[in-house]
Amino acid sequence: MMDAETQEIFRQEAEALMEALQEGLLVLKETPDDLEVVAGVFRALHTIKGTGAMFGFSRLASFVHNFEAAFEAVRSGKSVVTPELINVALTAYDLIAELLEGGEPDPAKDEELTAALAAATSGEAPAPAAAPTASEVPAAPAEIKEWDLQFRLPPDFMEIGGNPIAMLDELREVGGETTIVRPLTDRLPSIAQMDTKVIYTGWQVILPGAIKENAIRDVFMFHEDQMELSIEPVHAAPAAPVAEPEPAAAPLAEAAAAPAEPAATAKDAPKAAKAAPAAVAQLRVAADRVDLIMDRVGELVIAEARLAAIANQLENEALLGVVEDIQRLALGLRDSTMALRMTPLSSIMGRFRRLSHDLAETTGKTFDFIVEGEETELDKTVVEKLTDPLVHMIRNSVDHGLEGPEDRAASGKPERGLVKLSARHAGAEVVIEIIDDGRGMNEEAIRKRAIERGLLTEDSDVPRSEVLKMVLEPGFSTAAAVTALSGRGVGADVVKQAIEALNGTIEITSEPGEGTVFTLRLPLTLAIIEGLLIGVGKERYALPLLSVEQILELPEELAGGTSATDVIELNNELVPVLRLRQVFNRDASASTHQKIVIVGANDTRVGLVVDEIIGTNQTVIKQLSPLHSRLKIFSGATILGDGCVALILDVIHLVSLGQEIEQRLKGTAA
Amino acid sequence: MSKEILIVDDSPSVRRMVSMTLQQAGYAVTEAVDGAKGLEAAKAHRYAMVITDQNMPNMTGLEFIQAYRADPSSSGVPIIFLSTESEGGLKEAARAAGALGWMVKPFEQEQLLAVVKKVAG
């Protein structure tokens with residue numbers, strides 16, 4: 001079972017999806033032919049199924065799988081939306097809601113509704129998909145995934161020389177590095193009533209399931225009778241209806257280690273969620289409030305810059321002093337506001353670990369799942385939007401990338417496969433890689449499929465890297481079988497859409513027999529960035545400072561050039577150069593002190609010839625209007641201290657322009 | 001400064017084993033031959049931890065713990081209770097009297113060291 005916070009995140013997510021689902025169903029009641037709404041309903045169901053399975057709501061996932069099948073029939077045109085279907089669907093919705101809340105409705109209901117859904121979409125409705133989880137999960141006693149330990153030390157513990165910190169350290173030692181310790185502070189009296197020798201805090205400790213219960217009890221040996229202690233096993237998979245062998249330990253009244261029961265996981269959920277508010281000393285704030293602060297900080301930074309400009313003109317010392325203070329405060333405020341939005345990737349890693357566990361069970365493949373750089377921080381919205389694509393890609397790596405143990409052995413690989421998720425900052429970007437050491441992608445098969453699907457033509461001459469990317473196109477799915485986890489080809493396009501929506505890029509590299517690497521590059525799309533302000537003619541433009549690598553004087557041999565493009569040699573490397581004056585058609589005469597700004601992205605660089613380096617500034621990014629957003633060379637606009645607007649150059653686009661120049665030059669040279 | 005530990009035991013061999021083991025590990029050890037002497041020592045000086053045997057002449061370990069805990073200076077000083085009897089009753093009594101933990105004799109040096117490290121740091 002995951003920790004209470006993760007549970008809470010799932011719950012919120014599910015709530016939003018359920019809302020969308022219900023709304024979609026109600027809209028379909030009025031306009032049954034709206035295929036977009038059908039697709040929306042289908043997608044909501046699909047996500048509920050996927051996350052549900054990941055969070056141990058197996059009954060829910062299995063039921064939603066059948067629910068989804070009904071809408072798949074509608075989506076594919078095999079059936080139509082009827083009032084009857086909507087009615088059944090709404091009842092099914094209620095059942096899901098109940099399951100999500102941890103209720104245990106009569107299992108017969110699932111079957112009844114599944115049959116009703118199938119009947120409502122019959123005609124030639126497919127037989128309801130076999131309940132996936134039941135058949136795929138081996139009916140073995142559930143493995144203990146974690147121990148959820150809660151304890152309150154005896155009141156006299158400090159008095160008799162006990163050291164709670166040493167005890168927690170010992171638990172951490174027993175549990176290893178994945179141990180999670182949380183204080184339970186619900187019994188804290190007011191300070192006036194506190195006795196300094198009494199421990200009012202309790203602790204919740206999540207320990208890996210591999211540990212023997214006795215090893216945990218040993219830590220509390222001698223105090224068990226005097227303290228409150230509960231050690232609950234949390235089961236990974238839905239337990240089969242087989243009584244689980246009780247761990248060989250003296251059972252305690254407080255710690256009735258419950259034998260597994262079918263709904264164990266679902267039942268645990270509300271319990272954990274209830275414990276959460278006490279355990280987490282955090283403030284949950286609606287994201288839009290933070291956005292509002294961010295907006296205002298942005299405005300403040302602009303106003304501050306204007307004030308600074310005026311103070312400089314007036315040359316008033318007293319005023320300049322105040323301006324400096326305001327500047328410092330505004331920057332501090334900006335940084336702390338941004339920090340509010342930054343979330344480490346680790347906040348979503350729990351799901352991926354769980355996912356990899358489930359994947360191992362359902363696919364029968366053995367592999368190590370390694371995470372690197374989970375401390376990498378990203379804007380919260382980015383992290384949230386990354387979850388689904390990453391889930392899909394990890395599934396994909398396991399489902400399609402990794403071979404089964406026999407195949408691996410046959411090709412001389414270690415039996416255990418490897419799936420690695422790594423994240424790191426690189427300049428103004430975050431690079432996330434999903435790496436597997438599986439069979440690699442088959443370019444020919446993908447090409448063939450893409451041609452079948454009309455994504456490519458027979459004679460198109462597309463480089464390997466582009467062919468591989470075809471797997472991300474909507475409707476492209478080479479998996480013949482529909483599994484509970486991988487689903488029906490929804491998702492691949494979700495990956496692409498989500499990454500593009502974040503202004504990111506996906507690269508795929510793959511070597512047959514050696515594995516595949518998906519590389520996501522995401523800009524740190526934050527509302528404010530450090531910018532480098534440059535002048536071209538009379539216009540000013542901003543560049544993200546993080547992508548600026550060097551600034552050089554323009555070499556004489558390039559000074560007279562008038563073409564928009566050129567190349568220079570830099571550290572034994574040819575770097576394409578763009579003359580921004582020509583690119584933007586500025587006709588004012590060139591400055592005599594032109595500079596080259598070298599910017600880099602995706603490990604490639606491009607030089608920009610500019611007239612003037614004005615300096616750094618706090619660039620508050622404003623989105624371009626839809627009308628202008630097609631100008632790929634600009635990623636946004638910002639307002640300068642004097643109230644003028646400067647456009648922000650899109651470095652990724654500039655670099656790709658540079659690459660085109662290079663290709664062209666190479667072409668003419670050959 | 002090495003941490004000081006008081007061992008209260010009438011058996012010279014046990015005292016010696018405890019002393020040697022702990023001194024090798026860098027602790028300073030004070031020995032007391034029975035409960036009364038132990039009480040005297042414990043009240044006179046605050047030790048990082050006290051180890052006491054149960055079966056001793058004059059004053060049993062349990063009585064020693066009760067007497068020591070009656071003194072406010074004992075607050076926060078951990079006591080480990082040694083006993084050859086492993087039955088629950090005595091253990092519980094020691095715990096109720098204010099012992100932090102217990103060990104059953106005979107024990108290995110490693111066991112002792114592990115307990116002392118855990119309790120005294």
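# Reading helix packing and other features

Modeller: In this predicted model, the axes of helix α7 (residues 164-175) of chain A and helix α8 (residues 213-220) of chain A come within 10 Å and cross at roughly 165°.

Colleague: At what angle do helix α12 and helix α13 of chain A pack?

Modeller: Helix α12 (residues 346-363) and helix α13 (residues 380-401) of chain A have their axes 10 Å apart and pack at an angle of about 25°. That angle makes α12(A) roughly parallel to α13(A), and the crossing of these two helices is right-handed. From α12(A), the residues S347(A), I348(A), R351(A), F352(A), L355(A), L359(A) and T363(A) take part, and they meet residues of α13(A) including V383(A), T387(A), L390(A) and V391(A). The contact of α12(A) with α13(A) is divided into 9 nonpolar, 3 polar and 3 charged residues.

Colleague: Let us turn to aromatic rings: how many aromatic pairs does a search of the whole structure find, and why is the pair of F63(A) and F67(A) called tilted?

Modeller: A pair of aromatic rings is described by the distance of the centres and the angle of the planes. The search finds 8 aromatic pairs over all chains. For F63(A) and F67(A), the ring centres are 6.3 Å apart and the planes stand at 50°, so the pair is tilted. Both residues lie in helix α3 (residues 58-75) of chain A, where they are 4 residues apart, about one turn of the helix. F63(A) and F67(A) are both buried, and together with F71(A) they form one aromatic cluster.

Colleague: Which helix holds F42(A), and is F42(A) buried or exposed?

Modeller: F42(A) lies in helix α2 (residues 35-54) of chain A. Buried means under 20% relative accessible area, and F42(A), with a value of 1%, is therefore buried. Along the sequence F42(A) and A69(A) are 27 residues apart, while in space their C-alpha atoms are 8.8 Å apart.

Colleague: And what can be said of T638(A), which lies in a strand?

Modeller: T638(A) belongs to strand β20 (residues 634-639) of chain A, and this residue counts as buried at 1% relative accessibility. Leaving aside residues up to four places away in sequence, T638(A) touches A542(A), T619(A), V620(A), C644(A), V645(A), A646(A) and I648(A).

Colleague: How many helices and strands are there in chain A, and how many in chain B?

Modeller: Chain A has 20 helices and 21 strands, and 48% of its 670 residues count as buried. Among contacts in chain A between residues at least 6 apart in sequence, 71% join residues at least 24 apart. Chain B has 5 helices and 5 strands, which follow the pattern β-α-β-α-β-α-β-α-β-α along the sequence. Of the 121 residues of chain B, 51% count as buried.

Note on methods
Residues numbered from 1 in each chain as written. Chains lettered and ligands numbered in written order. Predicted model: local features only at pLDDT ≥ 70, side-chain atom pairs only at ≥ 80, totals over all residues. Heavy atoms only, no water. Phe/Tyr/Trp six-rings, centres within 6.5 Å; stacked < 30°, edge-to-face > 60°. Buried < 20%, exposed > 50% of the residue type's maximum accessible area, 1.4 Å probe, protein only. Axes fitted to C-alpha atoms, helices over the stretch in contact; angles between N-to-C directions. Contact = heavy atoms within 4.5 Å. Parallel < 35°, antiparallel > 145°, perpendicular 65-115°, else oblique. Left-handed = near helix turned anticlockwise from the far one by under 90°. Nonpolar A, V, L, I, M, F, W, Y, C, P; charged D, E, K, R; others polar.
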